[in-house]
Amino acid sequence: MPKRTRFTTWRPLATAATAALVATLLTPAAADAAPRESRPVHSYDDAIREAVWVDTGLDGDRDGKADRVAVDIVRPREPARQGRKVPVIMDASPYYSCCGRGNESQKKTYDANGDVNRMPLYYDNYFVPRGYAFVGVDLAGTNRSDGCVDVGGRSDIQSAKAVVDWLNGRAKAYTTRTGTTRAKAAWTNGKTGMIGKSWDGTIANGVAATGVEGLKTIVPISAISSWYDYYFQQGAPLYDSGPEWLSDYVNSPDARAKCAAVQQKLVDGAPRTGDWTPLWTERDYVRAARKVKASVFLVHGMQDLNVRMLHVGQWWDALAKNGVERKIWLSRTGHVDPFDFRRASWVDTLHRWFDHELMGYDNGIDREPMADIERAPDQWTTSKTWPPSGTRAATLRPDRGAQAGVGTLGLHRGHGTATFTDDPELSETDWAAQIDKPTPEKAGFVTRPLTRDLRLSGSSEVTVAATPSTPTAHLSAVLVDIGPATIRDYADAGEGITTLTDRTCWGASTAGDSSCFKETKAKTADVDYTIVSRGWADLGNHASDLTGAPLTPGKRYTITLDLAATDHVVPKGHRLALIVAGTDKGLIDPPADRPELTVDLSRTSARVPFVGGAAAFTRATTGAASATPDATPLDGVRDPHTAHRVPEGSQ
């Protein structure tokens with residue numbers, strides 16, 4: 001896949017002429033009278049609940065009829081009575097019936113008329129009384145929709161895009177799944193915001209990448225930006241199955257009976273070789289970022305080992321390159337919704353975001369810092385832009401140390417070699433725990449203890465020159481903060497949160513749809529090291545990110561591994577480590593062979609984005625004494641575990 005330019009600023013500033021005109025037209029009294037917040041003035045209990053089926057124009061299940069996707073709607077009754085049109089918040093999901101949404105796995109339920117009486121999550125409870133309509137879309141092939149799930153492809157994206165088109169008067173909808181009575185969206189102004197976690201947020205990314213008119217903003221949470229990167233990284237397989245397994249997992253019983261052809265296309269188009277195919281091109285939203293017109297409020301966990309942070313870096317950078325208005329929250333959790341790690345602040349911020357983007361209220365959120373970043377459990381900081389101004393990549397180089405097998409990391413070119421043997425039974429936590437001890441399965445390199453804090457922000461890359469002993473080899477590169485800390489326990493089942501029994505309520509409730517959800521708190525762990533960033537590759541992809549080839553044993557190859565984006569401060573007194581190894585157990589699958597790899601240190605380096613660049617690294621590592629290696633293993637979180645192959649956390 002092509003490399004993508006990183007770093008930019010928030011949004012272009014308004015011209016002086018525009019600002020002057022606005023100042024002229026708005027008197028102080030008028031400005032004071034302008035609304036700044038939508039208020040819960042409409043009855044949720046009396047809201048209109050209805051269903052329509054939107055024609056996608058596709059026939060994925062090959063039954064000779066255009067597929068219709070089910071669209072469940074909850075909207076305030078009062079504006080409809082007054083002839084006022086409302087904006088829409090939409091969540092398009094494959095999970096409404098098979099698996100459920102949110103921390104409590106809520107599913108849609110229906111009344112005797114087939115209208116939704118419980119919509120999962122709190123969006124309808126909170127926003128409908130404030131003058132928004134909420135729309136829950138069943139992706140094609142799921143719940144009450146026709147068609148087939150194609151895992152991020154044309155059918156998935158068209159499922160939601162067609163609804164945006166319908167909301168803007170460009171598509172057809174019907175009052176029943178098979179009938180001919182048309183349904184009009186005369187109640188909406190067409191302004192639509194999409195939101196959702198994981199696969200749902202991925203659909204928002206994909207629809208935005210079509211450039212569809214009427215989609216004003218998206219809020220992708222823990223979302224995929226390119227489906228290839230969900231299953232592979234630079235040829236290295238991340239799971240032992242492909243998208244056909246996932247499609248079968250969420251397809252409705254009706255779709256499973258009709259969608260064998262789609263399933264076979266997924267098998268044929270996604271070979272386990274890790275080669276890039278047209279199937280992946282269709283599902284790569286990054287390449288179409290130039291079409292995005294909607295603003296983007298992105299949320300992700302920096303320890304998400306399901307939808308990994310690589311998806312954030314490449315999507316964010318592509319949006320930046322194309323001048324898209326952006327905002328970002330980065331937590332220390334795994335695959336967790338912000339409603340479950342920073343609830344009150346999240347609901348308030350999301351409310352103001354939608355008010356600004358969909359209602360047009362000048363509430364100042366576009367002038368606030370671009371980024372909110374969790375430094376430690378429940379400790380947040382902001383950044384005016386992200387990555388911050390003054391962030392520049394420094395080239396760090398590994399070298400041999402005073403003790404064989406325990407190397408150093410600095411700015412000067414290294415010498416000699418380091419050798420390790422792939423052990424597929426060990427993971428990044430095993431390597432980091434033994435960073436100060438020579439072990440046969442890794443090559444580790446560590447800075448001196450820092451004399452001042454050092455902040456990494458953005459995406460790193462590690463270039464490795466390695467000679468394999470076998471025709472196949474996989475590589476891992478890991479950046480580690482060596483030093484004591486209390487972190488969110490992202491390797492725990494809750495991925496950094498503990499669910500409590502008490503509930504808090506966010507919006508209005510009915511007998512069938514409560515707005516009250518279980519509270520959570522941070523699940524923490526005291527550790528001696530923190531994994532900062534990771535990346536993987538098949539060495540057979542050394543010549544191209546798109547295709548791999550067998551290796552010649554004894555021949556040196558050079559490959560650059562893309563490491564996931566992050567924002568992390570290595571504190572004074574800690575050390576920064578680079579580990580190069582083979583199979584990262586639980587995170588990538590092993591190669592066919594068990595190679596020994598010899599790394600040429602003079603040709604191996606890491607480009608790491610520091611706030612302040614190489615000068616900041618020099619200042620932080622000057623004057624410090626070398627650390628004395630300690631044979632005692634360091635404590636960290638348990639081994640990473642990603643047995644789920646579903647982009648939805650606990651499912």
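Colleague: How many bridges join strand β14 (residues 371–376) to β15?

Modeller: This is a predicted model, in which local features need pLDDT of at least 70 and side-chain atom pairs count only at pLDDT 80 or more, while totals for chains, interfaces and linings use all residues. Residues are numbered from 1 along each chain as its sequence is written, and side-chain values use heavy atoms, leaving out hydrogens and water. Strands are DSSP runs of E of at least two residues, helices are runs of H or I of at least four, and both are numbered from the N terminus; two strands pair if DSSP finds at least two bridges between them. β14 and β15 run antiparallel, and the number of bridges joining them is five.

Colleague: Which residue of β15 stands opposite Asp372?

Modeller: β15 (379–383) stands at an edge of the sheet with a single partner strand, so one side of β15 is left without a neighbour there. The residue of β15 opposite Asp372 is Thr382.

Colleague: In what order do the eleven strands of the open sheet run?

Modeller: The pairing in this sheet is mixed. The order is β7-β1-β2-β6-β3-β8-β9-β12-β13-β14-β15.

Colleague: What angle does the direction of helix α13 make with that of β9?

Modeller: α13 (residues 343–359) packs on the sheet and touches β3, β8, β9, β12 and β13, where contact means heavy atoms within 4.5 Å. Axes are lines fitted to C-alpha atoms, for helices over the stretch in contact, and angles between N-to-C directions run from 0 to 180 degrees. For α13 and β9 the angle is about 160 degrees.

Colleague: How is the ring pair of Phe297 and Trp329 classed?

Modeller: Rings of Phe, Tyr and Trp (its six-membered ring) pair if their centres lie within 6.5 Å; planes under 30 degrees apart are stacked, over 60 edge-to-face, and the rest tilted. By this rule there are 29 aromatic pairs. Phe297 and Trp329 have ring centres 6.2 Å apart and planes at 80 degrees, so their class is edge-to-face.

Colleague: How is the pair of Phe297 and Trp353 classed?

Modeller: This pair links strand β12, which holds Phe297, to helix α13, which holds Trp353, 56 residues apart. The ring centres are 5.3 Å apart and the planes stand at 55 degrees, so the pair is tilted.

Colleague: Is Trp353 buried or exposed?

Modeller: Buried means under 20% relative accessible area, exposed over 50%, and partly exposed in between (1.4 Å probe, protein chains only). Trp353 has a relative accessible area of 0%, so Trp353 is buried.

Colleague: Which residue lies over the face of Trp329?

Modeller: A charge sits over a ring if NZ of Lys or CZ of Arg is within 6 Å of the ring centre and within 35 degrees of the ring normal. At 4.5 Å from the ring centre of Trp329, the residue is Arg342.

Colleague: How far apart are the end C-alpha atoms of helix α12?

Modeller: The expected span of a helix is 1.5 Å times one less than its number of residues. The twelve residues of α12 (residues 310–321) should therefore span 16 Å, which agrees with the separation in the model, 17 Å.

Colleague: How many of the twelve residues of α12 are buried?

Modeller: Elements covering the buried residues include α6, α7, β10, β12, β13 and β26. α12 is mostly covered, and the number of its residues that are buried is eleven.

Colleague: Is Thr180 buried or exposed?

Modeller: Thr180 is found in the loop between β7 and β8. Its relative accessibility is 69%, so Thr180 counts as exposed.
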